Amino acid sequence: MQVEENIYLGYKLAYDITWVNDCTYQLKLRQVIKGDPAIMNDSKYILTVKIKQINKNSYLTENSSTFSTEITHHEIMITN
């Protein structure tokens, strides 16, 4: 399980994680911890994350999803 929080948008979500290969994983929404529970109505909500670069405290990703045609890029902070 992976938990992600977006303070700006006001949500915190729990995902089931499935590794596709060494650099790509998919997240399927498991639970809305904080935010609009209507997100749970989309059982096909899958986010695909490709790791492009790993740094000491973060990694850079290219993201796609089942709910949008947009490809986004993010820096994900690694916390314990």
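User: Which side chains meet in a salt bridge, and how is a salt bridge defined?

Analyst: A salt bridge is a side-chain nitrogen of Lys or Arg within 4 Å of a carboxyl oxygen of Asp or Glu. Here the side chains of aspartate 16 and arginine 30 form such a pair, at 2.7 Å from N to O. Aspartate 16 belongs to strand β2 (residues 11–21) and arginine 30 to strand β3, so the pair ties together parts that are 14 residues apart in sequence. By this rule the count comes to 1 salt bridge. The model is predicted: local features need pLDDT of at least 70 and side-chain atom pairs pLDDT 80 or more, while totals for chains, interfaces and linings use all residues. Residues are numbered from 1 along each chain as its sequence is written, and side-chain values use heavy atoms, with hydrogens and water left out.

User: Which residues make up the largest nonpolar core?

Analyst: A nonpolar core is a set of buried Ala, Val, Leu, Ile, Met, Phe, Trp, Tyr and Cys residues joined through side-chain atoms within 4.5 Å. The largest one has 11 residues: Leu13, Tyr15, Tyr25, Leu27, Leu29, Val32, Tyr45, Leu47, Val49, Ile51 and Tyr59. Strands β2, β3 and β4 each give two or more residues to this core, and β3 gives the most, with 4 residues.

User: With which residues is valine 49 in contact?

Analyst: Contact means heavy atoms within 4.5 Å. Leaving aside neighbours within four places in sequence, valine 49 is in contact with Cys23, Thr24, Tyr25, Leu27, Thr61, Glu62 and Asn63. One of these partners, threonine 24, is found in strand β3 (residues 24–34) and is buried at 9% relative accessibility.

User: With which side chain does threonine 48 make a polar contact?

Analyst: A polar contact is a pair of N or O atoms within 3.5 Å; within protein, one must be able to donate a hydrogen and the other to accept it, and residues adjacent in sequence count only if both atoms are side-chain atoms. The side chain of threonine 48 makes such a contact with that of glutamine 26, at 3.1 Å. Threonine 48 sits in strand β4 (residues 46–54) and is buried at 16% relative accessibility.

User: Which backbone nitrogens lie 2.9 Å from the side chain of asparagine 21?

Analyst: A polar atom of the asparagine 21 side chain lies 2.9 Å from the backbone nitrogen of cysteine 23. The side chain of asparagine 21 also reaches the backbone nitrogen of threonine 24, at 2.9 Å. Asparagine 21 lies in strand β2 and is partly exposed, at 41% relative accessibility.

User: Finally, which residues make the nonpolar surface patch?

Analyst: Patches are made of residues with over 30% relative accessible area and no salt bridge; like charges are joined within 9 Å, and nonpolar side chains (Val, Leu, Ile, Met, Phe, Trp, Tyr) within 5 Å. Accessible areas come from the Shrake-Rupley method with a 1.4 Å probe, and for residues only the protein chains shown count as cover. Met1, Val3 and Ile33 make a nonpolar patch of about 290 Å². Valine 3 has its place in strand β1 and is partly exposed at 41%.

Definitions and conventions. Buried < 20%, exposed > 50% of the residue type's maximum accessible area, 1.4 Å probe, protein only.
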